[in-house]
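Dear colleague,

Please find below the structure that I am handing over to you. My findings follow directly after it, arranged by topic.

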Amino acid sequence: MNGEGAIQLNGKPKTIFTSLLDPEVLKNCIMGCNELNKQEDNVYVADILIGVAAVKGKYDVTIRLSDLQPPNSYKLIVNGEGAPGFVDAEAKIQLIQIDDENTELRYTYEAAVGGKVAAIGQRMLGGVAKLIIKDFFKKIKRELEKVNIAD
Amino acid sequence: MTYIGKPLKRIEDARLVSGEGTFIDDLSPLPNIHYAAILRSPHAHARIIQIHTEEAEKLSGVIGVVTGKQVAALTRPFPVGVKVPVKYYPIAVEKVRFVGEAVAVVVAKNRYIAEDALSLIKVEYEALTPVVNIEDALSAESSVLHEEVGSNVVNHRIFRYGNIDEAFKNADHVINKKFTFPKVSATPVENYGVIANYTKSEGSYTIWSNFHGPFTLHSVMTAALKVPSNRLRIITPKDIGGSYGIKSGVFPYMVLMGVVSRIVNVPVKWTEDRQEHLMASSSGTDRVTWIEAAVKKDGTILGLKMKYADNVGGYIRAPEPACLYRTHSNSTGAYRIQNVEIEAIAVVTNKSPTGLIRGYGGPQHYFPLERMIQIISNELDLDILEVIKKNLLTKEEFPYQTASGGIYDSGDYHKALNLALESIDYEEFKAKQKEGWKNGKYLGLGFACIVEPSGSNMGYVTLALTPEERAKSLPKSGCSEGATVTIDPQGGITVRISTVPTGQGHETVAAQIVADALGVDPAMIRVVAELDTLTSPWSVASGSYSSRFAPIGSSAVYQAAHKVKRKLLEIAKNHLNTAMDKLVIGDGKVSVKNDPEKSISIKRLVGLAHWNPEGLPNGLEPGIHESAFFTLPAAKSPNELDLVNGSVTYGFVFDAVQVEVDIDTGEVKILNYTTIHDAGSLLNPNIVEGQIMGGLAHGLGAAMYEELAYDERGQFLTGSFMDYLCPTATEIPKVTIKHIETPSPLTPLGAKGLGEGNTMSAPVVIANAVTDALKPFNVSIDQLPLTPDRVWSKIHHQNAVKI
């Protein structure tokens with residue numbers, strides 16, 4: 001499964017880039033995230049509860065950041081494992097400044113799931129992925145407003 | 001015969017429709033039963049690095065967690081009929097080889113706790129490259145599933161019969177094609193269930209399960225459990241909620257739960273859920289066939305070359321690779337073709353393991369064979385019926401020996417074909433079809449001729465070995481089945497059968513047979529179908545598979561009933577002072593043929609045998625308790641030329657199906673399904689009707705809807721009935737069933753099996769009809785199921801949409 005998209009965010013690439021790497025911001029923005037901690041530089045571990053179709057469950061997730069080119073782009077590698085199966089995803093994120101106050105975030109992703117979630121939830125997966133991503137950016141937008149106000 | 005052949009109502013149904021059936025999940029045969037749940041692999045192919053069970057063990061109510069290493073320490077890998085060292089345990093030991101493979105078992109005081117504990121187990125895997133498709137597995141470059149085998153090919157044999165080179169040299173045309181048959185299940189309503197108990201003081205396992213044989217698997221299980229055969233007692237429940245072969249695949253779970261019970265030291269019950277069933281129970285093989293036909297201009301088929309590869313999944317397990325050989329004896333179908341080459345290959349891939357399924361090998365075999373008949377007629381520009389009739393065996397040719405050694409016992413194929421043609425107006429249809437094509441209406445008519453083997457010869461499975469390999473062990477032959485007829489001191493008649501029905505109505509037919517033999521009302525007879533390996537009259541071939549009840553199981557009942565009848569006549573003879581051949585049995589008494597006033601009641605005769613042995617004729621044992629074992633000499637072991645008669649009886653099915661294809665949506669609508677059957681003498685037309693409709697529904701599923709689908713990483717994609725589509729009542733088309741009866745000369749009642757024919761014929765007859773409808777597009781169906789997207793893509797020359 002793969003996909004791509006773009007969203008316009010308020011703020012300069014530098015501010016957005018910093019926010020996107022902030023564990024607290026990530027925790028608040030990822031749907032179903034109960035806990036998210038920095039394990040080491042650019043590695044986070046998280047507890048995420050997701051339901052796809054009838055397959056609900058907790059995933060132990062490791063998020064790795066690589067190819068960091070602040071404030072322009074980075075790569076996100078996600079591995080999640082749990083009772084419903086596993087999720088492996090890779091996303092490329094690019095920030096392009098539009099003007100002084102606006103930045104466009106472009107993303108592409110590839111994801112694969114395994115186990116029960118693939119067997120039962122395959123049909124729903126594309127929709128669920130879009131939902132999670134949409135929700136993430138909606139929340140990021142809100143988080144950025146907080147940051148922008150603080151600035 | 002008063003009852004045999006009559007449409008008696010099934011005696012099973014009253015209890016089934018009133019909620020009084022007794023299924024495995026209803027049983028609670030022991031105190032202190034605990035409940036198991038199974039942790040399954042999410043990976044198609046991976047090495048197990050470590051399993052962390054501590055957190056699960058701590059959960060209150062959990063009494064034990066068992067992993068592969070513990071099971072391997074107490075068992076041996078299951079034996080299998082091929083010469084490759086595949087180590088198959090009922091649970092993954094070092095590697096997982098398919099999504100859904102068991103990795104750990106939790107036992108708890110209830111299923112809820114056991115399920116909760118599964119999520120507390122952490123397994124570290126190292127993912128390996130999966131192999132998913134047959135053609136990849138055939139390549140030497142594919143990642144190897146079983147290191148000790150060194151290749152993914154686990155069985156490979158080539159057979160040549162007649163003069164194949166001559167046939168191809170003399171041919172006017174040589175036509176070759178490739179066909180792919182999908183991996184399908186049979187989805188019984190009831191899933192697997194096991195209750196297992198290990199008795200330490202006896203060193204014995206007692207296992208209740210909805211297992212229906214073949215009881216050759218009893219020896220496979222005792223070998224795995226490392227116990228003498230009488231230390232594994234298998235008991236089946238009174239009712240089994242369907243199987244169609246699939247439930248023979250419960251045997252690894254029987255062994256697994258037996259060992260788990262031994263480790264955790266309590267009786268253990270496990271009931272499979274639907275997701276587990278679709279993902280990891282059993283299924284038919286998917287198969288790729290390369291077929292080549294040598295034909296003359298007039299449509300005569302001189303020779304056939306068939307190369308086929310079956311995908312047996314992650315492990316080859318008994319009775320596989322038998323799917324490759326089940327149709328070996330009838331590989332030329334209903335046709336007179338004496339030059340044949342067969343190359344049979346079994347491969348392992350990272351899919352779920354396979355086993356018995358309704359039609360076993362037949363749907364995979366007839367799909368290419370019967371597609372070829374239509375392709376030949378198209379290429380030669382002959383009418384398809386002309387090609388069929390040219391090659392179809394005539395009734396004078398029976399008994400007919402096929403190139404590969406099958407002996408077709410009886411039949412009149414042309415009569416069946418003509419009966420079908422009476423039901424459809426062929427010429428009128430052709431005119432309507434031409435008219436339709438002009439107006440954008442795509443009508444098609446398909447035919448299929450199926451020889452339906454029934455009553456498997458135990459010997460055919462050994463075709464997987466070369467004659468030299470076979471010579472090293474005891475030959476295998478026969479199709480034995482046992483039955484016992486008992487009359488208690490007060491005249492109550494009981495029949496004990498070992499055919500383990502899974503819904504086919506064996507109790508009814510057994511009662512009909514005994515009622516006729518002893519001249520009593522079938523309602524008076526009780527039939528015990530529960531099998532207990534310590535007390536039932538069973539043999540290695542016992543069980544429910546290969547449509548063996550009509551030719552074999554019923555014959556064992558017939559034989560046992562006639563032993564009882566003989567004994568009653570012996571006793572009566574003395575009392576009536578006459579010869580045995582002057583006596584007739586009927587209306588609950590034995591009387592003298594020409595002097596009906598002289599008679600004695602059966603109750604009285606039975607009473608004598610029990611209460612007054614002193615009054616018995618000399619040499620006669622007291623009591624009435626007769627067991628009989630039946631087999632047929634036609635079921636011989638394969639000879640050194642690899643000739644084998646793989647089944648004892650061969651029925652015939654001729655199908656004619658009309659469809660309409662919507663070229664804008666790819667939807668196939670079945671307008672009319674006509675099926676002509678010849679299963680010899682029918683034992684109960686009521687049951688016959690149900691069997692034919694059921695077999696047809698399974699065939700329709702494979703033709704149109706069903707596939708256990710995997711992605712390129714070996715991930716299983718059809719884990720619920722939302723994605724694994726089965727036909728329901730609304731998808732079943734109008735079906736016209738007609739019969740002809742050419743009795744089998746081999747079986748005492750002239751009967752042959754019949755429940756699998758349309759499972760074999762429906763996939764190909766529908767493919768033929770769709771191909772016929774789409775003639776203007778020059779489309780040839782070579783893959784199933786005929787989902788709308790597949791049909792649409794064929795019409796519009798697009799590749800199927802990728803998931």
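How many residues lie between S22(B) and S23(B) in the hairpin that they form, and which residue in the turn has a positive phi? There are two residues between these strands, and B:Asp587 is the one in the turn with a positive phi, of about 55°. Please bear in mind throughout that this is a predicted model.

The hairpins of chain B

The pairing around that turn can be described strand by strand. Strand S22 (residues 583-586) of chain B and strand S23 (residues 589-592) of chain B run antiparallel and are joined by four bridges. Within this pair, B:Val584 stands opposite B:Ser591 in S23(B). S23(B) is also joined by four bridges to strand S24 (residues 595-601) of chain B, and these two strands run antiparallel. Here B:Val590 has B:Ile600 of S24(B) as its bridge partner. In general, the strands of a sheet pair through backbone hydrogen bonds, in either a parallel or an antiparallel manner.

The domains of chain B

Chain B is divided into three parts: domain 1 (13-128 + 189-242 + 246-280), domain 2 (286-459 + 636-795) and domain 3 (481-630). The centres of domain 1 of chain B and domain 2 of chain B, taken over C-alpha atoms, are separated by 35 Å. Their contact takes 25 residues from domain 1 of chain B and 22 residues from domain 2 of chain B. On the side of domain 1 of chain B that touches domain 2 of chain B, the elements that give two or more residues are helix H7 (216-225) and helix H9 (274-280) of chain B. H9(B) supplies the largest share of that side, with five residues. By residue type, the side of domain 1 of chain B that touches domain 2 of chain B consists of 15 nonpolar, seven polar and three charged residues.

Chain B contains an open sheet of four strands in the order S18-S26-S27-S28, with mixed pairing. Strand S18 (442-456) and strand S28 (735-739) of chain B are the edge strands, and each pairs on one side only. On average, neighbouring strands of this sheet are turned by 15° against each other, direction ignored. S18(B) and strand S26 (residues 647-661) of chain B run antiparallel and are joined by 14 bridges. One such pairing is that of B:Ser454 with B:Thr649 in S26(B).

Two helices may be described against this sheet. H19(B) packs on the sheet and touches S18, S26 and strand S27 (668-678) of chain B, and its direction makes about 160° with that of S18(B). Helix H13 (residues 426-438) of chain B lies across S18 and S26 of chain B and runs at about 135° to S18(B).

Helix packing around H10(B)

H10(B) packs with H19(B) and with H11(B), and the two arrangements are set out in turn. The axes of H10(B) and helix H19 (residues 757-773) of chain B come within 8 Å and cross at roughly 30°. Angles under 35 degrees count as roughly parallel, and H10(B) and H19(B) are therefore roughly parallel to each other. Their crossing is right-handed. Among the residues of H10(B) that meet H19(B) are B:Tyr366, B:Phe367, B:Glu370 and B:Arg371, and H19(B) contributes residues including B:Met760, B:Val764 and B:Asn768. The residues of this contact of H10(B) with H19(B) divide into seven nonpolar, six polar and two charged.

Helix H10 (residues 362-380) of chain B and helix H11 (residues 384-391) of chain B have axes 8 Å apart and pack at an angle of about 120°. H10(B) and H11(B) are therefore oblique to each other. The crossing of H10(B) and H11(B) is right-handed. B:Ile373, B:Gln374, B:Ile376 and B:Ser377 of H10(B) make the contact with B:Ile384, B:Val387 and B:Ile388 of H11(B). The residues of the contact of H10(B) with H11(B) comprise five nonpolar, two polar and no charged.

The contact between the chains

Finally, 13 residues of chain A are in contact with 15 residues of chain B. On the side of chain A that touches chain B, strand S6 (85-97), strand S7 (102-114) and helix H3 (116-150) of chain A are the elements that give two or more residues. H3(A) gives the most to that side, with six residues. The residues of the side of chain A that touches chain B are six nonpolar, five polar and two charged.

With kind regards

Technical notes. Residues numbered from 1 in each chain as written. Chains lettered and ligands numbered in written order. Predicted model: local features only at pLDDT ≥ 70, side-chain atom pairs only at ≥ 80, totals over all residues. Contact = placed C-beta atoms within 7 Å. Nonpolar A, V, L, I, M, F, W, Y, C, P; charged D, E, K, R; others polar. Domains from an automatic or database assignment. Axes fitted to C-alpha atoms, helices over the stretch in contact; angles between N-to-C directions. Parallel < 35°, antiparallel > 145°, perpendicular 65-115°, else oblique. Left-handed = near helix turned anticlockwise from the far one by under 90°. Pairing = 2+ DSSP bridges.
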